[in-house]
Amino acid sequence: MVSACARLQSEVCNMIAWLSENIGTIVVLLAVACIVGAIFASMVRGRKAGKSCTCGGSCGSCPMGGSCHSGKNA
């Protein structure tokens, strides 16, 4: 009969082995997640500042004129 301590050690060894086998994938996943998070945060900050992905800020050449920036000088 295997003791609980030996079983726990076996599980920890298995976990460490799995981590060491997949460390490259984990690092790439974390890097991509950080990049996506930074892009998302930048978009949120831009949205709060009144910018959007589709607005270049040149209301003179926009068919909507100044109607989308109500309260601001167009």
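View 1. Glycine 50 follows helix 2 and has a positive phi, near 95°. Helices here (H or I, at least four residues) and strands (E, at least two) are DSSP runs, numbered from the N terminus. Keep in mind that this is a predicted model: local features need pLDDT of at least 70, side-chain atom pairs count only at pLDDT 80 or more, and totals for chains, interfaces and linings use all residues. Residues are numbered from 1 along each chain as its sequence is written, and side-chain values use heavy atoms, with hydrogens and water left out.

**View 2. Helix 2 from end to end.** Helix 2 covers residues 23-48, and its end C-alpha atoms sit 37 Å apart. That agrees with the 38 Å its 26 residues should span at 1.5 Å a residue, where the expected span is 1.5 Å times one less than the number of residues.

**View 3. Helix 1, out in the open.** The 18 residues of helix 1 (residues 4-21) reach 26 Å from first C-alpha to last, close to the expected 26 Å. The number of buried residues among them is zero, so helix 1 lies largely in the open. Buried means under 20% relative accessible area, exposed over 50%, and partly exposed in between (1.4 Å probe, protein chains only). Leucine 8 belongs to helix 1 and is exposed, at 52% relative accessible area.

View 4. The structure has zero disulfides, a disulfide being a pair of cysteine sulfur atoms within 2.5 Å.

**View 5. The chain as a whole.** Two helices and zero strands make up the secondary structure. Of the 74 residues in the chain, 4% are buried.
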